[in-house]
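Biologist: Could you walk me through this one slowly, starting with the sheets and then going on to the cores and helices?

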Amino acid sequence: MIRPDSALPESGDIVNRLAAVGVHEVDVTSRRRAEYSSDSSNYRIVPSAVAFPRSAEQIASVVDVARELELPLTMRGAGTSVAGNSIGPGIVLDSSRHLGRVLDIDPEARTAVVEPGATLGAIQAAARPFGLRFGPDPSTWARCTIGGSIGNNACGPRALAYGSTAQNVLDLDVVTGSGARFRSSEGISAVPGLDEFVRNGLATVRTEFGRFGRQLSGYSLEHLLPENGGNLTRALVGSEGTLAAVVQATVQLVAIPENPSLIVLGYDDMPSAADDVLALLAHKPHAIEGLDARLVDAVIAARGATAVPALPRGRAWLLVEIAENGAQGLPEQAAAVIASVRAIDAKVLSPGSDSHAVWRIREDGAGLAGRSPSGRAAWPGLEDAAVPPEHLGDYLRAFEKLCSRYDITGMPYGHFGDGCLHVRLDFPLEHDGAVLRAFMEDAAELVASFGGSLSGEHGDGRARSELLPAMYSANAIDLFRQFKKLFDPSNIMNPGVLVSPDPIDSSLRRPVALPLLTRGGFGFDSDGGDVTTAVHRCVGVGKCRADNTDAGSFMCPSFLATRDEKDSTRARARVLQEMTNGSFIKGGWSAPEVADSLDLCLSCKACGTECPAGVDMATLKSQSLYERFKGKLRPRAHYSLGWMPRWARLGSRFGSLANFALRLRVLEKFALWAGGMDTRRSIPTFSPRPYRDLSRDRRASASVAATLKRPVVMWTDSFSDNFDAPIATAMAAVLEAAGYSVVVPERSPCCGLTWVSTGQLDGARSRMLDLVNELKPYVAAGIPVVGIEPSCIATVRSDLVELLDANPDAKRVAGSVMTLAELLHSPVPMGPGEDWSLPDLSDVTAVVQPHCHHNAVMGFELDRALLEQQGAEIKVLGGCCGLAGNFGMEAGHYEVSVAVAENALLPALREQPDAVLLADGMSCRTQAKQLGGIRGVHLAELIAERLDVSSDSP
C-alpha cells in the first residue's frame with residue numbers, strides 16, 4: 001500500500017532511485033512542483049517529483065520505483081483534466097514532453113500507432129495527407145494528448161458519428177501497477193484472475209453498466225462481458241490512470257468528411273432545444289451541439305460583436321452538422337432537418353469563416369464559461385454530466401431549478417445529441433467547499449434519477465468519484481475495488497480516484513488562496529483589485545500549449561519554442577497562484593520561483609485576448625517586476641532598454657556619429673554588455689536626422705490644426721522618430737495623398753511602453769500623462785490621431801487606460817489613436833472633384849508578420865482586408881517574431897528568441913526569399929534583419945512606393 005503523505009520519502013531519495021534505473025529527467029524544485037500542482041480542475045495537490053520519461057522502458061521503470069517506494073504515481077498528458085485526475089501527491093509522470101510521436105500511419109488499415117504524449121492535433125496532422133483523422137475531437141484537440149483521451153474516454157462533439165475514444169482504440173501497450181506489461185489485444189487472459197472476476201460479476205454488470213452511450217462514470221465493465229467479446233482494450237479506456245500506464249496505443253482512423261454543412265437552429269431556451277434532439281437523431285447527423293445565449297454574450301463581451309456571426313433568432317441554439325450521405329444532397333438534407341423540428345428560426349452555414357466562428361465559440365466554452373453571467377468565477381464540478389437524450393429537456397428544467405435553489409448560475413452548452421451537458425457554476429469557492437459539496441450531492445441524486453451518468457466524457461476524478469454510490473449499487477462499487485486490485489494491488493496508480501476516493505471538497509485550490517492587493521501599478525479593476533482573483537482566472541484549459549500558429553494564434557511563443565510546461569501561460573499562473581497562498585512558494589513577488597517562471601514570458605499580450613479565460617500574463621509580469629524592484633537597484637537592461645526612448649533621442653541627435661561608432665564591433669559589444677544585452681545582438685541604426693527635425697513645417701497647435709482641411713495628427717513615437725524617420729515620412733506622404741492635412745505635435749510624446757515592459761510603472765505613468773496632455777487638445781477638437789509603431793498604439797489603447805484609470809482624458813485619447821489601416825478604412829469624405837483610392841497591390845507577394853501587440857489589442861483584420869482588397873498575395877504569419885521589444889535583446893534570452901523566430905518567421909522567409917516582408921513593428925523588422933538578413937517594410941512604405949510619392953523628404 002502507498003504511504004500516507006506525511007511519510008513520503010525525501011525528494012532527493014526519489015531522484016536518486018529514479019536515476020539508478022536510468023530515469024534522469026526528474027524535477028523536484030518548488031517551481032516545477034507548483035506548475036504541476038493543479039490541472040483544469042478545482043483541485044490542488046503538490047507532487048513530490050515530476051518525471052519526464054523518454055521511452056516506454058523508462059515509464060515502466062518509474063512504475064517500478066513508485067511501487068518499490070510506495071509512492072503514488074499519476075500519469076499526465078496535457079493536464080487539461082477538469083476532474084482532478086492528472087494531479088497527485090507522489091510522482092507525476094508527464095508523457096507530453098518527450099513521448100509525443102506519431103510512430104506509424106497505415107492508410108490501408110486506417111490505423112495509427114502513437115506514443116501516449118502525442119496530441120490529437122499531431123495525430124490529425126499526420127493522418128490528414130491520407131484523407132484520414134482520429135474520430136473523437138474534444139474541444140481541447142489541439143493540445144490534449146491521446147494518453148489523456150484514453151484515460152478519460154474523451155468524446156467530443158462528433159461522437160455521434162465516430163463514437164468515444166474507447167470505440168476508436170484497437171490496442172494498448174500498458175504497464176500495470178503490479179509491474180506487468182502486456183498488450184490489451186491479448187484479451188482477458190492477459191490479467192490473472194480477470195476471467196473469474198467477469199464470471200462472478202455478470203449479473204451486476206449486465207444490469208447496471210452500458211445503459212446508454214455516455215454512461216462513462218466508474219469503470220466501463222460492460223466491455224468485458226462475453227457478448228461484447230471480452231474487450232479488455234475498451235475496458236481499460238476511461239480508467240483514469242488508476243490501473244495502468246499506457247506506453248503506446250494503436251488507434252483507428254476515419255475518413256475526413258467532405259464539405260460538411262452546419263445547421264444552426266434557434267430556440268427560446270435550452271430545454272426547448274433539448275426537446276428536439278430525438279427528432280434530429282433520426283437524420284444521423286455528425287454532431288448536435290447545444291449553445292446557450294449566455295455563452296454567446298460572453299464571447300461578444302470578450303472579443304466584440306464581430307466575433308460572432310449572425311445567428312438565428314433565439315436565446316439558445318442547436319448546432320447540427322451534416323455531411324454527404326449518398327442518398328440526398330446537403331440542401332435537401334438541411335431542409336429535411338429544419339422541417340422535422342420546432343425551432344423558431346434556422347440558418348445553414350457552409351464550411352468557411354462563419355461556421356468556423358460558431359465552432360470556436362463551442363471550443364472555447366470551458367474558458368469563456370470561467371466567469372458566470374453575474375461576473376463571479378465559475379468552476380467545474382458537475383461539468384459533464386449526461387442523461388439519456390430522451391430525458392435531456394426535462395433534466396435541464398430540473399437542473400435549472402436546482403441551480404436557482406442554490407443561487408448559482410453558469411453558461412450551459414454541450415453534446416446534446418449524446419445527452420451530455422457542460423456547465424461551470426459559480427460556487428463561492430473563495431470561502432470554502434460547503435456549497436460545492438451540498439450542491440453536488442443533490443445534483444448526483446438528480447442525475448441518477450434520470451438514469452444518467454455523473455461523467456459523460458471527462459472522467460470522475462476527484463470531482464465525482466465520491467458520489468458514484470448515487471448511481472451504482474454497493475455490489476457495483478465493490479466490483480470497482482476488485483477490478484482495480486487485479487491491476488494495481490498496491491494502490492499506487494492515481495489513488496483517491498474512482499476507488500477509495502478522496503472527498504470531493506478536499507484539496508480545493510481556491511479556498512487556500514488569500515487576497516493580494518497591489519501596492520501601485522496596475523489596478524486589476526476587472527478582478528476587484530485582487531491579484532489572487534486575476535491569477536485564478538486560469539482554469540487550466542491549456543490553450544497556451546496548442547500549436548495553432550497556422551490558424552493565426554500568437555499564444556504562447558515561449559512554450560512553442562521550448563515545449564516545456566513552465567513556459568506556458570498556465571504554468572506561470574499556477575506559480576503565481578502558489579505565491580498568493582504563500583504556503584508553498586514563499587516570499588511573495590520577490591520569490592525566486594516567480595522570477596524564474598516569468599523570465600521567458602515575452603509579454604506578447606496574446607494571452608490577454610486568446611486565452612479563453614482572459615489570463616493577462618503580460619500585465620502580471622509587469623506588475624511582478626514593479627513589485628519586486630520598487631525602490632531597489634534594477635537589472636542593467638531595465639536602465640538601457642527600459643529607458644530606450646531617452647537613449648534614442650540622445651543617439652539620434654548625433655545619428656551619423658553614433659552609427660559610425662557602433663560600426664566598430666568592439667564598441668558595440670561593450671555597449672551591449674554594459675546595457676545587460678546579449679552581445680550576439682546588434683544595436684539598431686539611428687536615423688541620420690530624427691523626424692521631429694524634418695517636420696517643422698507640419699507642426700501646428702490644436703486650434704490651428706482645426707482650421708485645416710481634413711486634419712489628422714500623426715503621432716511619431718520614440719522608435720519612429722529616432723530609428724525609422726523614413727517610415728514617418730512615408731506615412732505623412734500617404735496621408736497627404738489621401739487628402740489629409742498632416743499635423744505633428746510640437747513634442748514627440750512617449751507612450752511609456754518600455755517602462756511598462758520592464759515594470760517601471762511609476763515612470764510609465766509619468767510619460768503617459770505627458771502624452772495625454774500633448775494630444776488631448778487635438779482630440780478635443782475632434783482631430784483623429786494616427787500612430788506609426790503598433791506596439792505604441794497598443795500601449796495607448798490598453799496599458800495607458802489601465803494605468804491612468806481615473807483620468808477621463810486618457811480614455812478619450814486612447815479612443816482616438818488608430819492605425820493607418822483603421823484610418824484608411826474609415827476615411828473622412830473627400831470634397832467635390834477630389835479623388836483618392838489605395839494603389840493596386842496585385843504585383844505584391846508578401847510575408848506579413850503582424851506585431852503581437854497589434855494583433856492582441858487592435859486586431860489585424862483591417863490590415864489583412866486592406867491588403868487583400870488591393871490584390872496583394874499575402875501569407876499572414878501566426879506567432880511572435882521572437883524579439884518582442886526588450887525580451888530578445890536581454891542577456892539570457894537569445895536562444896529562446898531565435899527558437900521563437902523559428903516557429904513561423906524564419907521558415908517563411910526561407911520559403912519565400914523574394915517576397916516582401918511586411919512588418920509594421922520595429923521589433924519584427926529588427927528580428928528579421930538580424931536573424932534573416934531581410935529588411936522589412938511598414939505598410940506606409942509599401943503604399944507610398946506604389947503611390948510614387950517620395951519618402952525621402954517631409
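Modeller: Two strands pair if DSSP finds at least two bridges between them, and helices (H or I, at least four residues) and strands (E, at least two) are DSSP runs numbered from the N terminus. This is a predicted model, in which local features need pLDDT of at least 70 and side-chain atom pairs count only at pLDDT 80 or more, while totals for chains, interfaces and linings use all residues. Residues are numbered from 1 along each chain as its sequence is written, and side-chain values use heavy atoms, with hydrogens and water left out.

Biologist: OK, what is the strand order in the open sheet of four strands?

Modeller: The order is β1-β2-β4-β3, and the pairing is mixed. At the edges stand β1 (26-27) and β3 (73-76), each with a single partner strand, so one side of each is left without a neighbour in the sheet.

Biologist: And in which sense do β3 and β4 pair?

Modeller: β3 pairs with β4 (residues 91-94) in the parallel sense, over four bridges, and Thr74 has Val92 of β4 as its bridge partner.

Biologist: Switching to β8, why is it largely enclosed?

Modeller: Strand β8 (residues 169-176) has seven of its eight residues buried (under 20% relative accessible area, with exposed over 50% and partly exposed in between, using a 1.4 Å probe and protein chains only), so β8 is largely enclosed by the rest of the structure.

Biologist: New topic: which residues touch the most other members of the largest nonpolar core?

Modeller: A nonpolar core is a set of buried Ala, Val, Leu, Ile, Met, Phe, Trp, Tyr and Cys residues joined through side-chain atoms within 4.5 Å, and in the largest one, of 104 residues, Met617, Trp715 and Val796 touch the most other members. Helix α35 (residues 761-780) gives the most to this core, with eight residues.

Biologist: Is there another core, or what lies apart from that one?

Modeller: Apart from it lies another core, of 102 residues, among them Val191, Met440, Ala476 and Leu479.
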